[in-house]
Amino acid sequence: MSFFIETVLGGLMVGLLYSLIALGFVLIFKASGVFNFAQGAMVLFAALAMARFAEWIPGWIGIENQLVANTLAFVLAAVLMFVAAWLIVRLVLRHLVNQDIATLLMVTLGIAYFLEGFGQTVFGSSIYKIDVGMPKDPVIILEGVFEGGVLLNLEDIVAGLIAAALVAALALFFQKTSTGRALRAVADDHQAAQSIGIPLNRIWVIVWCVAGVTALVAGIIWGSKLGVQFSLALVALRALPVVILGGLTSVPGAIVAGLIIGVGEKVSEVYLGPYVGGGIEIWFAYVLALVVLLFRPQGLFGEKIIDRV
Amino acid sequence: MARKIGDVILDLKNVSLRFGGVKALTEVSFDVREHEIRAIIGPNGAGKSSMLNVINGVYTPQEGQIVLRGERFTKMSPYQAARRGIARTFQSLALFKGMSALDNIMAGRTLHMKSNLLAQALRWPSAWKEELAHRARVEEIIDFLEIQHIRKTPVGRLPYGLQKRVDLGRALALEPEILLLDEPMAGMNLEEKQDMCRFILDVNDQFGATVVLIEHDMGVVMDISDRVVVLDYGKKIGDGAPDEVRRNEQVISAYLGVGHS
């Protein structure tokens, strides 16, 4: 029993991290109706910036203090993501107002390749580590209930709490502020949004900044677990089925779907894996997403597609 | 309350608009006076929507000027137009489909919202009070347009006539001085058309807004507008009171065709 709980908890933690990346997709989709293929590249870029800045900063300012270095690196990396967001809107999206969705989609692919290449040119392409002082020790809880207790990673718990806080803040932002309403309006119709005085460019910069910060947080957490390297951009692929399962437009959907897939992956790997030769973890999420699509094309929480004919 | 037609508020001078080799508008000039209902009519493809899009800043004319309350523009953006009190509705509906009727109209208040993001997210008393004030204003518009019953319905689910009303409501929420209506009665049945006419007259009367409207169907327009501009193939062929325009030879031939002997 305690092994099962450990598996589920482990799955929940991984799931939350998927949710974090999925959130980046959902944010940009909600605000511009574009599926942002560059989200993975943004995670990689942000994590690279964080890792390298933390390494370089002690040399620049001459203070050998990890906390100072990490804080400064975080701020610098966030500023870098803001600048990137501003540039993307200014140089690319601004010129594509009212264009076809396919055009915007291709553009995000272009942005993805550019960010991957540019990031590795500037920051290097080896494996780097991010050490933000996450507690690495395992803790054992519920010793009184089960024999041997339940083994937990403190790191995962901290990561989970950070993700949860970020998600709560975003939900508040979207549902309770007039900027949130403006964002939803822009997603529905660019032209109409402009005609009632919603500043399209400013809204886009805001969303890409928020998506950039989400990418940074996701990048730091994943990076401190796995190390920062090119494969981080591919973690975003693991988040794709999460987005589809949760519905492209739903912030809570991304969270719940992330948790479902995280737990599903781990449990199926551990309990079904031995019978089919293992490796379920890799495709489980996609199969689950496909099955959900059969019954609910808009995802679990997505806006129902209403079309009057 | 007798409505008083004031001075010229919007003046278009020699506006020409081309898309490549296609001349959408050729040297069109006309003015709009404060508080009047000004119609732009013409057959299909006459350049009516282009004209509206020029006023609203969606298109930038190659030549000519727009003078708004004495201020000259050669270029305007939809956002600037909104800030300067010009609101519009759309011919092919452009509502925020996933949002409720109420949220659509609330979105129209964007420019009037003052409190900052943080205050709103945390529901500080000042921000909360502001939200309530806007909500009260929006409820007045909802009452005015008689759409109380569909307040919470996602607009994508509403029948066409009601969507048109929500579109009008969203434009009204901006508290515009000039309201541009792009074929407000297209695709409506007679009853819906009559309702829409009543709303337009009331908007003009109660909200004091200047109305510029495009229509395809001459009959309706003649009854409600003060002055009418007639366009054909991007050129102005008539301008004046409805009765004058109705007797204009060029207008009659544009609508009925010229006899070739």
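**Exercise 1: a sheet and its helices**

In this predicted model, B:Ile86 has B:Ile178 of S7(B) as its bridge partner. Residues are numbered from 1 along each chain as its sequence is written, while chains are lettered from A and ligands numbered from 1 in the order in which they are written. Local features need pLDDT of at least 70 and side-chain atom pairs count only at pLDDT 80 or more, whereas totals for chains, interfaces and linings use all residues.

Task: Starting from that pair, work out which strands of chain B stand at the edges of the sheet.

Solution. 
- Step 1. S6(B) and strand S7 (residues 178–182) of chain B run parallel and are joined by three bridges. Strands (E, at least two residues) and helices (H or I, at least four) are DSSP runs numbered from the N terminus, and two strands pair if DSSP finds at least two bridges between them.
- Step 2. Now follow the order S6-S7-S8-S3-S9-S10 (chain B): six strands in an open sheet with mixed pairing.
- Step 3. S6 and strand S10 (235–240) of chain B each have a single partner strand, so they stand at the edges with one side left without a neighbour in the sheet.
- Step 4. From one strand to the next, the twist averages 20 degrees.

Task: Find what helix H1 (residues 48–56) of chain B touches as it packs on the sheet.

Solution. 
- Step 1. H1 of chain B touches strand S3 (37–41), S6, S7, strand S8 (210–215) and strand S9 (227–232) of chain B. Contact requires C-beta atoms, placed from the backbone, within 7 Å.
- Step 2. The direction of H1 of chain B makes about 150 degrees with that of S7(B); axes are lines fitted to C-alpha atoms, for helices over the stretch in contact, and angles run from 0 to 180 degrees between N-to-C directions.
- Step 3. Helix H7 (residues 190–206) of chain B also packs on the sheet, touching S3, S7 and S8 of chain B, with its direction at about 160 degrees to that of S8(B).

Methods:
Two residues are in contact if their C-beta atoms, placed from the backbone, lie within 7 Å.
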